[in-house]
Amino acid sequence: MRQKYVVGNWKLNGSLPGNETLLRAILAGVKPHPGCHLAVCVPAPYLAQVRGLLEGTPVAWGGQDVSRFEKGAYTGEVSGAMLRELGATCSIVGHSERRALFGDADAIVAEKFAAARKAGLVPIFCMGETLDERERGVTEEVLARQLDAVLEKSGAAALDGTVLAYEPVWAIGTGRTATSEQAQQAHAFLRARVGKKDAAVAARLPILYGGSVKGSNAAELFAMPDVDGGLIGGASLVAEDFLAIWRAAVAAG
Ligand code: PGA
């Protein structure tokens with residue numbers, strides 16, 4: 001049985017007082033659970049605050065992106081080692097917003113994945129097709145291309161201990177969720193493709209679904225055999241919604 005994960009992606013949201021209110025409300029509603037992990041990926045300037053609030057609690061914290069560089073003249077970048085120093089255990093890598101708006105092509109995502117691993121972070125490696133790609137029937141081709149970039153650079157063994165996330169771009173922030181069958185199909189495809197290289201790694205690899213997950217649809221999504229939890233944007237900013245998703249993951253585990 002794979003572990004379940006619920007990971008919040010705050011994106012470009014937050015404020016010192018708002019973060020504290022949100023995290024205190026989340027902490028009031030969670031208990032440690034052996035089969036289910038909870039984390040929030042926050043804007044880098046808030047990592048120190050979040051560490052202060054979450055250290056010693058069941059909620060882990062992480063970054064939303066990792067520089068592909070370790071150090072040097074790269075203005076604006078945040079390295080994996082810096083995230084680790086602030087207690088982050090994971091980081092999102094290859095989110096579709098970074099791919100679409102900030103030039104994170106497959107090869108760059110592969111470098112970021114490798115940099116995150118090297119720094120000792122668990123990369124949460126995102127993949128997903130646009131609406132146009134789904135309508136053209138090339139979803140699996142797109143997922144294969146995105147996955148293969150990392151497999152080719154780092155090898156299947158490097159996926160062990162990491163987390164994948166399937167996030168159809170057309171479902172992110174749109175209120176339009178993939179059906180549980182659509183999610184299952186994509187997750188099974190990704191697992192099978194990793195499995196061609198390393199069956200054991202594929203069998204234990206957590207694959208999260210992201211894209212308009214809410215308390216009301218989480219249970220159905222998490223009931224699918226290859227859906228091991230969720231990467232949650234909008235609903236992670238509202239304690240009660242995030243907790244409802246967490247409870248669905250615990251119940252599914
Ligand atoms: P959403 O975002 O839950 O707001 O759709 C998910 C994500 O982008 O990770």
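Okay, housekeeping. The model is predicted, so local features need pLDDT of at least 70 and side-chain atom pairs count only at pLDDT 80 or more, while totals for chains, interfaces and linings use all residues. Residues are numbered from 1 along each chain as its sequence is written, and side-chain values use heavy atoms, with hydrogens and water left out.

Let's start with the ligand. Which residues come nearest to it? There are 13 residues around the ligand, and the nearest are Lys-11, His-95, Glu-167, Gly-173 and Ser-212. Near, for us, is a heavy atom within 4 Å of the molecule. Split by class, that shell has four nonpolar, seven polar and two charged residues. On the classes: nonpolar is Ala, Val, Leu, Ile, Met, Phe, Trp, Tyr, Cys and Pro; charged is Asp, Glu, Lys and Arg; the others, Gly among them, are polar.

Now the polar contacts, meaning pairs of N or O atoms within 3.5 Å; within protein, one has to be able to donate a hydrogen and the other to accept it, and residues adjacent in sequence count only if both atoms are side-chain atoms. Glu-167 uses its side chain: an N or O atom there sits 2.7 Å from a ligand oxygen. Gly-173 goes through the backbone, with an N or O atom 2.6 Å from an oxygen atom of the ligand. Gly-234 also has a polar backbone atom involved, 2.8 Å from a ligand oxygen. As for cover, the ligand has 280 Å² of accessible area on its own, and the protein covers 95% of that. Those areas are Shrake-Rupley with a 1.4 Å probe, and for residues only the protein chains shown count as cover.

Most residues other than glycine have a negative phi. Lys-11, though, has a positive phi, near 55°, and Ser-212 is at about 60°, also positive and also not a glycine. Where do they sit? Lys-11 is in the loop between E1 and helix H1 (16–29). Ser-212 is in the loop between strand E7 (207–210) and helix H10 (215–222). Those elements are DSSP runs numbered from the N terminus, with helices being H or I of at least four residues and strands being E of at least two.

Buried or exposed, then? Ser-212 counts as buried because its relative accessibility is 15%, and the cut-offs are under 20% for buried, over 50% for exposed and partly exposed in between, using a 1.4 Å probe and protein chains only. Lys-11 is at 21%, so this residue is partly exposed.

On to the pockets. A pocket here comes from a 1 Å grid over the protein atoms alone: it is an open set of points where a 1.4 Å probe fits, with protein on both sides within 12 Å along at least five of seven lines, and lining residues have an atom within 4 Å of a point. Points are joined across faces, edges and corners, and the volume is the space filled by probe spheres set on them. Of the 21 lining residues, Lys-11, Pro-43, Gln-64, Asp-65 and Arg-98 lie nearest the centre. That lining divides into 10 nonpolar, six polar and five charged.

The second largest pocket is about 310 Å³. It is lined by 23 residues, and nearest its centre are Tyr-5, His-37, Leu-38, Ala-39 and Ala-60. Strands E1 (4–9), E2 (36–41) and E5 (122–127) each give two or more residues to this lining, and E2 gives the most, with four. By class, we get 16 nonpolar, five polar and two charged residues.

Ile-124 is in strand E5 and is buried, at 2% relative accessibility. Ser-67 is in the loop between strand E3 (59–63) and helix H3 (80–85); this serine is buried too, at 3%. A polar atom of the Ser-67 side chain lies 3.0 Å from the backbone nitrogen of Phe-69. Ser-79 is in the loop between E3 and H3, buried at 5%. And Ala-244, in helix H11 (residues 239–252), is partly exposed at 22%. Its C-alpha is 7.9 Å from that of Lys-214, 30 residues apart in sequence.
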